[in-house]
Amino acid sequence: MKHLFLSVLLFVSVSVALNAQDTKPKPPTYLTLEEAMKEGPDFSLQGEYATAGLGLQVIALGDQNFRAVIHQGGLPGAGWDKSEKVEIEAKRGSDNVSFSGGGWKVSLSSGDATVEGPSGRFVLRKVERESPTLGAKPPGGALVLFDGSNCEAFVGGHFDDLDRHLLASGSKTQRADFQDYTLHVEFLLPFKPLGRGQDRANSGVYMQDRYEVQVLDSFGLKGLSNECGGIYSKTPPAVNMCFPPLRWQTYDIDFKAAKYDAAGTKAKNALITVRHNGVLVHDQVEITGPTGGGKKEDASGGAIQLQGHGNPVYYRNIWIKPNDGPQ
């Protein structure tokens, strides 16, 4: 009887714990600039700050917590000299944040930042960069996969819930025979200040339904292979070009499929070149095999997949130009 009582008590305890997890509030997710601005100063203070010779990225981590990332030379893709970054964390006061560490001091308020360190004192202005390929028009011979008028090119494709005529993540193209091509994709990441790692606006653009170029809110992070711009779990981007969330971003991708001989043996790995927000982050990189869960490699073509991963990530202006001539 004693053992039965303990078993029942354990079952009740586990059930209560699981129910408590089920009712725990989910971290907030903001889908528009208007929503995020209402959240308070955290969103307005987050972003990129720059002046000649120095760049600063400020990440909102939720509950008034921030991380400052200092780049010598300028922002990533805009002057950063690739030297080691300085990272400092701090908590917001009423409407400003003061960071101190590693020989640096950063004072942040709406619109600008004052930075003091070994290389001097700088006043940085907040900047909002825009990809030079944003809104790129499809060239001759391209197929428009999504232009906001309908989702018919995608299996399971559907518009976002806010009636903005954006394509929600979680679908793949009806056509599933793409081989070599140039692909243009524009994507929008939500603001999830309390999200961490793969829970911070996760999606991905799959080549041939096999190879994933990661989509994630990796603003200000290290630039690993499982972060935005990475060939997932295989090759990190040459530079982390992720913009802050709720800013439109672009991928411009040149892809060459793996090549097979007459016996069906792979003779050449797939090759990929990726420009993230106009900056080259992969240059003719070999992909040795599919992403985990991706379609098995063979000589057949494949679809373009916009991975759904439980996060509200949205896409627009998607076109593809097949390049199936002599290689």
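Is Tyr181 buried or exposed? In the predicted model, Tyr181 has a relative accessible area of 1% and is therefore buried, the cut-off being under 20%. Phe178 likewise counts as buried, at 2% relative accessibility.

The ring centres of Phe178 and Tyr181 lie 6.1 Å apart and the ring planes meet at 75°, so the pair is edge-to-face. Phe178 and Tyr181 belong, together with Tyr211 and Phe255, to one aromatic cluster. Charged side chains are placed over aromatic rings as well: Arg316 lies over the face of Trp248, at 3.9 Å from the ring centre, and Arg164 over that of Tyr314, at 5.2 Å.

Tyr211, a member of the aromatic cluster, also contributes to the lining of the largest cavity. By residue class, the lining divides into five nonpolar, three polar and three charged residues.

An open sheet is formed by five strands in the order 10-12-21-14-15, with antiparallel pairing. Strand 10 (154–155) and strand 15 (211–215) stand at the edges; each has a single partner strand, so one side of each is left without a neighbour in the sheet. Strand 10 is joined to strand 12 (residues 171–173) by two bridges, the two strands running antiparallel. Within this pairing, Val155 stands opposite Lys172 of strand 12.

Note on methods. Residues numbered from 1 in each chain as written. Predicted model: local features only at pLDDT ≥ 70, side-chain atom pairs only at ≥ 80, totals over all residues. Heavy atoms only, no water. 1 Å grid on protein atoms, 1.4 Å probe; cavity = no way out; pocket = protein on both sides within 12 Å on 5 of 7 lines; lining within 4 Å. Nonpolar A, V, L, I, M, F, W, Y, C, P; charged D, E, K, R; others polar. Pairing = 2+ DSSP bridges. Helix = DSSP H or I, 4+ residues; strand = E, 2+ residues; numbered from the N terminus. Phe/Tyr/Trp six-rings, centres within 6.5 Å; stacked < 30°, edge-to-face > 60°. Buried < 20%, exposed > 50% of the residue type's maximum accessible area, 1.4 Å probe, protein only. Lys NZ or Arg CZ within 6 Å of the ring centre and 35° of its normal.
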